[in-house]
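Please open the structure in a viewer and keep the selection panel at hand.

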Amino acid sequence: ELPPVAPSLLSSLIHYRDLLHRWNAIGIYPATHIGFGNISIRLPAPPSTPKPFGSTNSAPSLSSPASFLISASQTGHLPATSPAHYSLVTAYSIPSNSLTCTGPAIASSESLTHAAVYAHDPAIAAVVHAHLPDIWRASKGVLPTTGEGVTYGTPEMAEEMWRLLGTEEARSGRVMVMAGHEDGVLAFGETLEEAVG
């Protein structure tokens with residue numbers, strides 16, 4: 001069971017995740033049965049917790065400046081989700097490719113990518129990793145794009161997101177393309193509505 005979180009945050013996350021599934025931006029490839037896409041929302045920091053550092057070009061923090069709820073691993077096939085299909089990430093280390101999560105399910109393999117985005121800018125409150133083949137093909141190399149050899153779910157992908165967020169184009173456009181992860185597009189915003197866009 002998830003630790004106590006604001007019911008409105010969780011219900012909003014479930015609403016937008018299920019909407020993205022209806023749009024086929026989160027789902028499963030029928031031929032391979034491999035799921036794709038995930039969504040997360042940052043939890044507000046408790047008043048006693050120091051605020052996360054802002055947008056700098058230093059390395060991603062190892063001190064886990066943000067906790068966030070994320071759709072769990074192996075849930076892409078589900079048309080509708082419940083609190084049982086989410087995980088709370090409470091700590092992470094990008095260099096060692098590790099994270100700590102709690103809840104009824106294991107966090108998405110893309111959690112480090114989400115963590116890097118949250119660590120880069122405390123104003124970012126939601127991240128969506130969708131699979132959008134037409135947008136991916138048209139935008140690769142046009143919008144801020146990760147290196148071709150960078151694969152999903154790796155510390156390198158988290159570091160690439162951090163690098164791209166150092167550019168005004170990524171910060172203002174709020175969309176990045178994962179060149180080495182076919183169909184993968186990452187969007188973010190100060191709200192779930194902005195990230196889902």
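Rings of Phe, Tyr and Trp, the last represented by its six-membered ring, pair if their centres lie within 6.5 Å; planes under 30 degrees apart count as stacked, over 60 as edge-to-face, and the rest as tilted. By this rule the count comes to two aromatic pairs. The model is a predicted one, and both pairs are visited below.

**Stop 1: the aromatic pairs**

A pair of aromatic rings is described by the distance of the centres and the angle of the planes. Select Tyr 29 and Phe 36. The ring centres of Tyr 29 and Phe 36 are 4.6 Å apart and the planes stand at 40 degrees, so the pair is tilted. Are the two residues buried or partly exposed? Tyr 29 is partly exposed, with a relative accessible area of 27%, whereas Phe 36 is buried, with a relative accessible area of 10%.

Next, select Phe 68 and Tyr 118. Their ring centres lie 5.1 Å apart with the planes at 45 degrees, so this pair is tilted. The pair links distant parts of the chain, since Phe 68 belongs to strand S4 and Tyr 118 to helix H2, 50 residues apart. Phe 68 counts as buried at 0% relative accessibility, and Tyr 118 counts as buried at 0% relative accessibility.

**Stop 2: the whole chain**

The secondary structure comes to six helices and nine strands. Of the 197 residues, 49% count as buried. The accessible surface of the chain comes to about 9000 Å², and 58% of that surface belongs to carbon and sulfur atoms. Among the contacts with a separation of 6 or more, 66% are accounted for by residues 24 or more positions apart.

**Stop 3: the sheet**

Colour the strands S3 to S9. In which order do the strands of the sheet stand? Seven strands form an open sheet in the order S6-S5-S4-S3-S7-S9-S8, with antiparallel pairing. Strand S6 (98-102) and strand S8 (175-177) stand at the edges; each has a single partner strand, so one side of each is left without a neighbour in the sheet. From one strand to the next, the twist averages 25 degrees.

Select strand S7 (residues 126-131) together with strand S9 (residues 184-189): these two pair in the antiparallel sense over six bridges. Within this pairing, Ala 126 stands opposite Gly 189 in S9.

**Stop 4: strand S3**

Strand S3 pairs with S7 in the antiparallel sense over four bridges, and the bridge partner of Ile 39 in S7 is Val 128. Strand S3 also pairs with S4 in the antiparallel sense, over three bridges. There Arg 42 stands opposite Phe 68 in S4, and Phe 68 is the residue whose ring pairs with that of Tyr 118.

**Stop 5: helix H4 and Glu 160**

Move to helix H4 (residues 155-165), where Glu 160 is found. Helix H4 is mostly covered, with eight of its eleven residues buried. These are Pro 155, Met 157, Ala 158, Glu 160, Met 161, Trp 162, Leu 164 and Leu 165. The buried residues of H4 pack against helix H2 (111-120), helix H5 (168-173), S8 and S9.

Finally, centre the view on Glu 160. At 13% relative accessibility, Glu 160 counts as buried, because buried means under 20% relative accessible area. Which side chain makes a polar contact with the side chain of Glu 160? That of Arg 163 does, at 2.9 Å. Not counting residues up to four places away in sequence, Glu 160 touches Thr 145, Thr 146, Gly 147 and Val 150.

Key
Residues numbered from 1 in each chain as written. Predicted model: local features only at pLDDT ≥ 70, side-chain atom pairs only at ≥ 80, totals over all residues. Heavy atoms only, no water. Pairing = 2+ DSSP bridges. Axes fitted to C-alpha atoms, helices over the stretch in contact; angles between N-to-C directions. Buried < 20%, exposed > 50% of the residue type's maximum accessible area, 1.4 Å probe, protein only. Polar contact = N/O pair within 3.5 Å; in protein donor to acceptor, adjacent residues only side chain to side chain. Contact = heavy atoms within 4.5 Å. Areas by Shrake-Rupley, 256 points an atom, 1.4 Å probe, with all protein chains shown as cover.
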